[in-house]
Amino acid sequence: MNISPEFDFSNHPQLAQKVSDNLDIAMKRLSDLVAIPSIAWEAFDRTQVHKSAEKVKELALEVGFESAEILTATYGQDAKEGMPAVVAHKPAKPGYPTVLLYAHHDVQPVGDENEWETKPFEATQVGDRLFGRGAADDKAGVVAHLTAFETVKEAMGADFNAGVTLFIEGEEEAGSPSFASFLETYSDKLQSDVIVVADSANWQKGVPALTTSLRGVASGEISVRVADHDVHSGMFGGPLLDAHTVMVRALASLHDSKGKVAVEGLVHGTEPEVEYTEENFRTDSGILNSMRLAGEGSLSSRLWTQPAISIIGMSIADVDKASNTIASRSTAKISVRLAPGSNPQEAHHALEKHFKNLDLWGAEISYSADDSGLPFSTDTSSTGAQLALRSFETAWGVTPVSTGLGGSIPFIADLKEVFPTAEILITGIEDPDTRAHSANESLYVPDFEKAIVAEALMLSALSRNS
Ligand SMILES: [Zn+2]
């Protein structure tokens with residue numbers, strides 16, 4: 001990629017002024033998008049997702065993309081059709097990079113409407129926050145991309161040098177079922193050097209963040225067998241332990257007495273640069289006051305760069321149907337969050353070995369792998385990451401931070417797989433008060449404006465250096 005490490009941000013005042021001039025129309029466009037209840041879940045009226053795709057396409061043409069189309073891909077054995085995405089394009093001049101701007105136009109359901117203080121599908125500004133479902137996640141991402149593009153076009157002329165491809169997905173909140181197939185089907189249209197994913201959170205109000213690490217995930221099933229068949233607990237209980245008792249011991253071996261993961265061979269990543277406070281963690285998680293926190297190391301490392309294991313299922317009789325029987329078999333399912341740097345296959349091997357090595361009265365204990373998802377990390381010294389961090393610094397006038405996410409963003413792994421050489425930059429439009437996915441979702445407008453300025457700086461810097 002032809003980017004000089006000396007990014008030229010000298011036009012910051014001009015871009016910031018233009019974004020400020022464009023903010024009213026940006027808020028109007030965002031409100032128009034929020035008004036469309038584009039929930040991509042099967043149980044909802046999905047014609048609304050088509051409606052919002054139409055609206056995004058219209059806006060893409062309005063801000064000056066040369067082409068914009070609504071595309072779908074099929075997935076699964078019965079070739080189901082995925083929800084519509086919008087792809088708009090402005091070509092690069094020879095020798096200049098192409099930036100893919102990703103966001104999603106579908107939203108989460110609203111949940112209990114009584115919990116909303118404003119109407120969820122009516123964007124309502126209260127003070128410096130805009131309330132509404134999708135006002136932040138991720139229709140703000142959509143409008144940030146549109147406005148950054150429009151601003152750079154106005155400042156540098158419609159034929160500025162960098163290429164820009166807008167890619168607005170329509171089913172992210174529904175688990176992106178056709179995403180991998182979409183990338184394969186349209187990989188020619190989506191080729192790019194840098195991918196900006198505007199679907200994460202800033203660190204605090206007024207403090208921008210680049211999300212540089214995401215944990216991966218691995219899940220698997222554990223089986224325990226202690227006898228050929230179930231027997232009466234009165235007749236055989238005592239010398240024969242039931243399979244669930246053995247299972248509980250097997251599962252207990254996954255953590256040490258401090259609650260730290262005790263499986264050998266799972267990767268522990270590096271210490272994050274910011275600390276998540278215990279107070280925030282307690283408020284956000286709803287953990288009981290009496291509960292001590294499990295594990296070791298900084299809280300942010302426990303959440304972002306260390307493995308975590310949860311038991312997510314167990315086959316055992318319901319309490320109201322329980323009988324005096326010694327179960328001969330027990331199965332359970334665990335979910336393991338993997339630190340950046342882990343390989344899910346190696347994690348599965350480590351778990352397999354862990355359970356194989358357990359000797360619990362000689363019971364047969366085995367582990368079988370289910371799903372896996374790759375972790376993600378950004379090399380913050382890379383040109384793309386430096387470009388993002390420096391443009392944040394210029395736009396906000398404060399030092400940006402690198403943060404992590406304890407969960408995964410499944411489509412990031414898909415992007416990485418199909419476009420292995422593209423740099424993926426995960427930027428934020430949310431803040432800790434956004435409440436994405438909950439009632440009273442909102443966008444902090446001052447940071448929204450800064451996020452647009454930062455993205456305009458990135459596009460402009462990529463156009464100025466060759
Ligand atoms: Zn989102």
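This is a predicted model: local features need pLDDT of at least 70, side-chain atom pairs count only at pLDDT 80 or more; totals for chains, interfaces and linings use all residues.
Figure 1. One residue pair, with both members at pLDDT 80 or more, is in polar contact between domain 1 and domain 2.

**Figure 2. The side of domain 1 that touches domain 2.** Two or more residues of this side are contributed by each of strand 17 (376–377) and strand 18 (401–405). Strand 18 supplies the largest share, three residues. By residue class, the side of domain 1 that touches domain 2 holds four nonpolar and seven polar residues, and no charged ones.

**Figure 3. Extent of the interface between domain 1 and domain 2.** Contacts link eleven residues of domain 1 with 13 residues of domain 2. The size of an interface is often expressed as the accessible area lost when the parts come together. Between domain 1 and domain 2, about 770 Å² is buried, and carbon and sulfur atoms give 65% of this area.

**Figure 4. Placement of the two domains.** Domain 1 spans 12–213 + 375–464, and domain 2 spans 216–271 + 295–373. The centres of domain 1 and domain 2, taken over C-alpha atoms, are separated by 38 Å.

**Figure 5. The protein as the setting for the close-up views.** The protein contains 13 helices and 20 strands. Its radius of gyration is 25 Å, close to the 23 Å given by the globule rule for 466 residues, so the protein is as compact as a globular protein of that length. Along the principal axes, the C-alpha atoms of the protein fill a box of roughly 85 × 45 × 45 Å.

Conventions. Residues are numbered from 1 along each chain as its sequence is written. Side-chain values use heavy atoms; hydrogens and water are left out. Domain bounds come from an automatic or database domain assignment. Contact means heavy atoms within 4.5 Å. Buried area is the accessible area (1.4 Å probe) that two parts lose on being put together, summed over both. A polar contact is a pair of N or O atoms within 3.5 Å; within protein, one must be able to donate a hydrogen and the other to accept it, and residues adjacent in sequence count only if both atoms are side-chain atoms. Helices (H or I, at least four residues) and strands (E, at least two) are DSSP runs, numbered from the N terminus. Ala, Val, Leu, Ile, Met, Phe, Trp, Tyr, Cys and Pro count as nonpolar, Asp, Glu, Lys and Arg as charged, and the others, Gly among them, as polar. The radius of gyration is taken over C-alpha atoms; the globule rule is 2.2 Å times the number of residues to the power 0.38.
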